[in-house]
Amino acid sequence: MEPVLAQPTVKPPRRWRALAWGYLAIVAVVAVTVFAVMSYQSRRVVPASQWASDLDENGHIRPLTEVLELTRQLKLVTVKINARVPATVTDRRRVIGEATASIEVPVTYQYGVDLSALPVHALTFQHISQHYVLTVPPPTMLSCEVDNSKATKEELEVSTWRFKRLNQDLLVAAHKKVETEARRQMLSPEQMEEIRKLTREQLERLVKALITDDKPLEVRFEETPESTASGAR
C-alpha cells in the first residue's frame, strides 16, 4: 500500500498586517499636517517679548489707553453731504380749477460720530495681523440745512379760471413744506455709504496721528438696527 502524502497547509493571508500599515500611514500623514500647521502658526504669532513691556499692571497696553483717551477728547467728528429735496403743494377748487406749485432746493446734511463715550475696548491691537482696530458708533444725522434762496426748480401751474399771479402763496407754502420733507427724506444707499466712507477716512487720519508707531489703523462701525437704515428721518 502506497503511503498517503500529507497535504500542505495553506496559511490564510494576514489581513491585520495590511490594516496596521494603513493605520500607520494615516497617522503619519495627520502628524505631518499638524506639525506643519503648528509651525506656520508659531511663525505668525508675535513673541511676547515684543509687546509684554507695553502692558500695565492690569494687562492693558499703555499706548492704547492713552490714544483712546485722546480720541475721546475729539468728542465729535462730522461730515457733510449735499442733496436736493423736492416739494409739491396742490390746491383744487371744483369751480375755478387747480393750481400746483413744485420746487426743488439744495439741502446740506450733517452727520457725526460721538467719540466722547467710547468704551475701553473700542481701540484694540491685533497682534497676528499687526494693525489697530477702532470701533465706533455709526454716523447719525445732526442737522439738515435747507437753502430756499437757491432753488434749482420753482414752477407754478394753473388750470381753468386760476391765475398765476393770484396763486403765488402756493410757492411760499411749498418752500415751507420742503423743510419738513428734507428731514423725512430718505438718503440713497450710495449717499449713506459716502457718509460712512468720509467719516472713516477722517477718523483714520485723526486717530492715526495720535499713534506713535507706523502700524495701520482700521476703523469699523458698530452694526446696530439704526445703522442699517439708509436714510435720515
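Which residues does His 175 touch, not counting those up to four places away in sequence? They are Ile 103, Val 105, Asn 148, Ala 151 and Glu 154, where a contact means heavy atoms within 4.5 Å. We will come back to this histidine below.

## About the model

This is a predicted model, in which local features need a pLDDT of at least 70 and side-chain atom pairs count only at pLDDT 80 or more, while totals for chains, interfaces and linings use all residues. Residues are numbered from 1 along each chain as its sequence is written, and side-chain values use heavy atoms, with hydrogens and water left out.

The pLDDT is the predictor's confidence in each residue, from 0 to 100. The protein averages 78, and 70% of the residues score at least 70. Over residues 41-46 the pLDDT stays under 50, and the model has four contacts for them beyond four places in sequence. Residues 227-233 are also below 50 in pLDDT, with 25 contacts in the model beyond near neighbours in sequence. Where pLDDT is low, the predicted coordinates should not be read in detail.

## Overall layout

The protein has four helices and seven strands. These are DSSP runs numbered from the N terminus, with helices being H or I of at least four residues and strands being E of at least two. From the N terminus on, the order is α-α-β-β-β-β-β-β-α-α-β.

Of the 233 residues, 29% count as buried. Buried means under 20% relative accessible area, exposed means over 50%, and partly exposed lies in between, using a 1.4 Å probe and protein chains only. Among contacts between residues at least 6 apart in sequence, 76% join residues at least 24 apart.

## Strand β4 and its partners

Let's look at strand β4, residues 131-136. Five of its six residues are buried, so β4 is largely enclosed by the rest of the structure. With β7, it pairs in the parallel sense over five bridges; with β3, it pairs in the antiparallel sense over four bridges. Two strands pair if DSSP finds at least two bridges between them.

You can trace the pairing residue by residue. Val 133 stands opposite Glu 218 in β7, and Thr 124 stands opposite Val 133 in β4. Thr 135 stands opposite Arg 220 in β7.

## Two positive phi angles

β3 and β4 form a hairpin with four residues between them, and Gln 130 in the turn has a positive phi of about 55 degrees. At 26% relative accessibility, Gln 130 is partly exposed.

Lys 75 has a positive phi of about 65 degrees although it is not a glycine. Lys 75 lies in the loop between α2 (62-73) and β1 (76-93), and is exposed, with a relative accessible area of 55%.

Helix α4 covers residues 189-208. At 1.5 Å a residue, its 20 residues should span 28 Å, and the end C-alpha atoms are 28 Å apart, which agrees; the expected span is 1.5 Å times one less than the number of residues. Seen down the axis of α4, its buried residues fall within an arc of 135 degrees, so they line one face of the helix. That arc is taken over the directions from the helix axis to the C-beta atoms. The buried residues are Met 192, Ile 195, Arg 196, Thr 199, Gln 202, Leu 203 and Val 207, while the face turned away from the buried side carries the exposed residues Glu 190 and Arg 205.

Thr 199 has a relative accessible area of 2%. Its side chain reaches the backbone oxygen of Ile 195 at 2.8 Å. Leaving aside neighbours within four places in sequence, Thr 199 is in contact with Val 79, Val 113, Pro 139 and Phe 221.

## Back to His 175

His 175 sits in helix α3 (residues 169-184) and is buried, with a relative accessible area of 14%. Its side chain makes polar contacts with the side chains of Asn 148 at 2.6 Å and Glu 154 at 2.7 Å. A polar contact is a pair of N or O atoms within 3.5 Å; within protein, one must be able to donate a hydrogen and the other to accept it, and residues adjacent in sequence count only if both atoms are side-chain atoms.
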